[in-house]
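Biologist: I would like to learn how to read charged pairs and domain contacts in a model such as this one. Could you take me through them, giving the general idea and then the case at hand?

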Amino acid sequence: MTYDLLIRNGTIVDGLGGEPYVGDVAVNDGIITAVGAAAGPDSTAARTIDATGLLVTPGFVDLHTHYDGQAIWSDRLTPSSAHGVTTVVMGNCGVGFAPCRKTDHEVLVDVMAGVEDIPGVVMTDGLPWTWETFPEYMNALAARRLDIDVAAYLPHSPLRVYVMGQRGVDREPATAEDLAKMRALAKEAIEIGALGFASSRLTIHQTESGSPIPSYDAAREEIAEIAKGVVAGGGGLLQFVPDIPADGYQPVLQTVFDVAEEVGLPVTFTLVVANSGDPTWPDAIAMVEEANKRAGAGSFFTAQLLPRPIGLVIGLQLTGNPFVLYPSYREIAPLPLAQRVAEMRKPEVRARILADKPGVGHPILYVAQAWDWIFPLGDEPNYEPDPATSIAARARARGVSPMEEAYDRLLDDDGHAMLLVATSNLENNSLDTVGELLHREDVVLGLGDGGAHYGMICDASYPTFLLAHWTRDRASGRFSVAEAVRELTSVPARVAGLADRGRIAVGYKADLNVIDHAALRLHKPVISYDLPAGGRRLDQTAEGYVATVVSGEVIAECGVPTAARPGRLVRGRQSAPAPV
């Protein structure tokens, strides 16, 4: 046989959790055509990769990204594609860029700038706005040639504004006519390829101008009518971001759960494990268990969880730092970094900033003073840090205040230092609870947020962290390689309804990774100025990815991207190939 691509003698990790085994994977026309010994020793290929001693896995699927803009202005969806991800789902949190009338462009830019930390000028310069309706936006995506595949939800906030105009922005109740329009547009979106519908009620999801997003307190009736439109269009997934509750998840999840059960749709939602205080996650898990019992066979409701701390990366070059809201710091904030550092090293400037009080700003910026949960982020970033290395602990050891310690650490490396603010997932100062939850069938990986939070979050690298930390480096509670790969591939593919990918078997889409597991290593995030209008973003790369393959084409080798752009828009749920 002659193949387009032949990966020889690799350790095949099938994506279903099966025991890894040594064999070959052969590809023709973007599809896996032979696995194991089936390729035969005499087979040839246009391209052969020797995978001896290396893992061969399915391409990873990321359920929670925000590449809605980046997929339009760039042909590479990094950081995700640098970490083995070959399919991303965007439109999460109910924010995006369609549907949208010309008169409402500024409204959606305001929403995305506030919720997802994408600078307004980046969107103004980077988006051609050649669409108005959601189908037109999907056509714009379909015309793109990308490094990896993209799929999309219909986002709630743009839908509400498109139907209701300023009334939607002001979060007025929808009328019967409004609801009928939303239902019809949801049906249309599913019919042309949306994977489902996404919404958010998270308090800190605010516009850049400081208002709650349009979907924030939408009524149950509105969610129900849109869900009925999803059903009428052929079905799909409901993605939801609940508020972070002080008294349990039940009040904020019940509405969406009730609607989903009534109309027969699956739900996936963001789960957060608090660092301290009474845990609220058991409440959410109990609700999921009960809902799935009522739904019958299969996991119908799933919680999404990041395998490392949810948090921020802060520094003098980034969106946030502990002093970013202080008037005395704001006076020097516009200065170039070197000049700002020189000013901050002056004793009188240091004293003035440390004695100041914060002004008003985005709620998320206030967590930049959670001293017990802020840690230096070094060249080998540690996402399960020792509590003794926190800013609070370091300050106690030095006999100074946490503010003084943070101030001094920000000046390290001539102001290029970064700090990790671990806002959640470190219950009992470890990731033990996260590991236990991720072993559950009703908890799935997600929340990488690639394509958003450009100046404060870089979590799209979590697949590399999972494979390096959880399967190799961690002393306890580890995942096997087979378990971790399953969580990165077939499980999210199943949740999204993309049954044509996520496993290595004949007939499946040839999205693959060849990985040197022993060499797998995360690099420290870096700041790149490669967005439209010279905008800034955090990026992160890794070592150990020998090759990443999308639809049979190699898109990266040893961390270096190729010219191949096989990524396409995935329109709607995909069926599994017929058994061979």
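Modeller: Side chains of opposite charge can pair when their charged atoms come close. The rule used here calls it a salt bridge when a side-chain nitrogen of Lys or Arg lies within 4 Å of a carboxyl oxygen of Asp or Glu, and by this rule the count comes to 38 salt bridges. This is a predicted model, in which local features need pLDDT of at least 70 and side-chain atom pairs count only at pLDDT 80 or more, while totals for chains, interfaces and linings use all residues. Residues are numbered from 1 along each chain as its sequence is written, and side-chain values use heavy atoms, with hydrogens and water left out.

Biologist: Which residue forms a salt bridge with R294, and how far apart are the closest N and O atoms?

Modeller: The partner of R294 is E261, with the closest N and O atoms 2.6 Å apart. Because R294 lies in helix α10 (residues 281-295) and E261 in helix α9 (residues 250-263), the pair ties together parts that are 33 residues apart in sequence; helices here are DSSP runs of H or I with at least four residues, strands are runs of E with at least two, and both are numbered from the N terminus. E261 counts as partly exposed at 30% relative accessibility, where buried means under 20% relative accessible area, exposed means over 50%, and partly exposed is in between (1.4 Å probe, protein chains only).

Biologist: Which residues are linked with E404 in a network of salt bridges?

Modeller: The network links R350, R394, R398, E404, E405, D408, R409 and D412. Within it, E404 forms a salt bridge with R350, their closest N and O atoms being 3.8 Å apart. This pair links distant parts of the chain, since E404 is in helix α15 (residues 402-410) and R350 in helix α13 (residues 347-354), 54 residues apart. E404 is partly exposed, with a relative accessible area of 25%, and R350 also counts as partly exposed, at 23% relative accessibility.

Biologist: How should I read the division into domains, and what is the area buried between domain 2 and domain 3?

Modeller: Domain bounds come from an automatic or database domain assignment, which for this protein chain gives domain 1 (2-57 + 508-561), domain 2 (61-311 + 427-496) and domain 3 (312-423). The contact between domain 2 and domain 3 takes 18 residues from domain 2 and 16 residues from domain 3, contact meaning heavy atoms within 4.5 Å. Buried area is the accessible area (1.4 Å probe) that two parts lose on being put together, summed over both; between domain 2 and domain 3 this area is about 1700 Å², of which carbon and sulfur atoms give 59%. N275, N429 and M456 supply 35% of the area that domain 2 buries against domain 3, more than any other three residues.

Biologist: How many salt bridges does the rule find across the interface of domain 2 and domain 3?

Modeller: The rule finds 1 salt bridge across the interface of domain 2 and domain 3.

Biologist: Where is L377, and is this residue buried or exposed?

Modeller: L377 is in the loop between β15 (374-376) and α14 (391-398), and is buried, with a relative accessible area of 4%. Leaving aside neighbours within four places in sequence, L377 is in contact with several residues, including V313, Y383, M418 and P525. L377 and L420 are 43 residues apart in sequence, yet 5.8 Å apart in space, C-alpha to C-alpha.
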